[in-house]
Amino acid sequence: MNIQPTPYDHPDAVKLNDAVQAEYAVRYDDEGDVTPLDAGMFVPPHGLYLLAYDPEGNPLATGGWRTQDENEQGYADGDAELKRMYVIPEARGLGLARRILSALESDARSAGRTRMVLETGTAQPEAIALYTSSGYAPCAKFGHYRDHPASRCFAKPLT
């Protein structure tokens, strides 16, 4: 598998983002994740977006981080927020999410970020299992969905 930095608005990233949004809509019976995002949020050194490709060049998985600092949505100075972690169903179980997560943590640490944070939901138990098994612990809610009852927030020190 080839994991490489890719712009958030690259056609392959858009394709997988559409797929994860469709999955969110089914899991949560709503319109998907409407957190405002744009490609500029994932440009180094303030963020990074990764895509994993198979040997034939087909996109299999995505993940990114973006800089966050203390604000009215509950973030803290030094935060790196994990966004759009997704593996297509056919590639699940290959360890891609764990590899992308590790690469994103390393990059955020190198960029001077001190804590990785993420928001997921109760309808994504496999995501919660990935994060808790990777050293993430529940934390105070933050972000766009901080008041939603299904929202679960996690954090991991990067220092």
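Colleague: Which element gives the most to the lining of the largest pocket?

Modeller: A pocket is an open set of points on a 1 Å grid over the protein atoms alone, where a 1.4 Å probe fits and protein lies on both sides within 12 Å along at least five of seven lines; lining residues have an atom within 4 Å of a point. Helices (H or I, at least four residues) and strands (E, at least two) are DSSP runs, numbered from the N terminus. Here strand β4 gives the most, with seven residues. This is a predicted model, in which local features need pLDDT of at least 70 and side-chain atom pairs count only at pLDDT 80 or more, while totals for chains, interfaces and linings use all residues. Residues are numbered from 1 along each chain as its sequence is written, and side-chain values use heavy atoms, with hydrogens and water left out.

Colleague: Which elements each supply at least two residues of that lining?

Modeller: They are α1 (11–28), β4 (79–87), α2 (96–110), β5 (115–121) and α3 (125–133).

Colleague: What is the volume of the largest pocket, and which lining residues are the closest to its centre?

Modeller: A volume is the space filled by probe spheres set on the points, with grid points joined across faces, edges and corners. For the largest pocket this is about 790 Å³. Its lining has 36 residues, of which Y24, M85, T120, Q124 and A127 are the closest to the centre.

Colleague: How many residues of each class are in the lining?

Modeller: Ala, Val, Leu, Ile, Met, Phe, Trp, Tyr, Cys and Pro count as nonpolar, Asp, Glu, Lys and Arg as charged, and the others, Gly among them, as polar. The lining of the largest pocket has 17 nonpolar, eleven charged and eight polar residues.

Colleague: What pattern does the chain follow along the sequence?

Modeller: The order is β-α-β-β-β-α-β-α-β-β, made of seven strands and three helices.

Colleague: How much of the chain is buried?

Modeller: Buried means under 20% relative accessible area, exposed over 50%, and partly exposed in between, with a 1.4 Å probe and protein chains only. Of the 159 residues in the chain, 45% are buried.

Colleague: Is G64 buried or exposed?

Modeller: G64, in strand β3 (residues 59–68), counts as buried because its relative accessibility is 0%. Contact means heavy atoms within 4.5 Å. Leaving aside neighbours within four places in sequence, G64 is in contact with residues including F42, L48, E81 and L104. The C-alpha atoms of G64 and I100 are separated by 8.4 Å, although these residues are 36 apart along the chain.

Colleague: Where does S151 lie, and which residues does S151 contact?

Modeller: S151 lies in strand β7 (residues 151–157) and, at 1% relative accessibility, counts as buried. Beyond its neighbours within four places in sequence, S151 is in contact with E119, T120, K141 and Y145.

Colleague: Why does A111 count as partly exposed?

Modeller: A111 counts as partly exposed because its relative accessibility is 36%. A111 belongs to the loop between α2 and β5. Not counting residues up to four places away in sequence, A111 touches P45 and W65. A111 and G47 are 64 residues apart in sequence, yet their C-alpha atoms are 8.4 Å apart in space.
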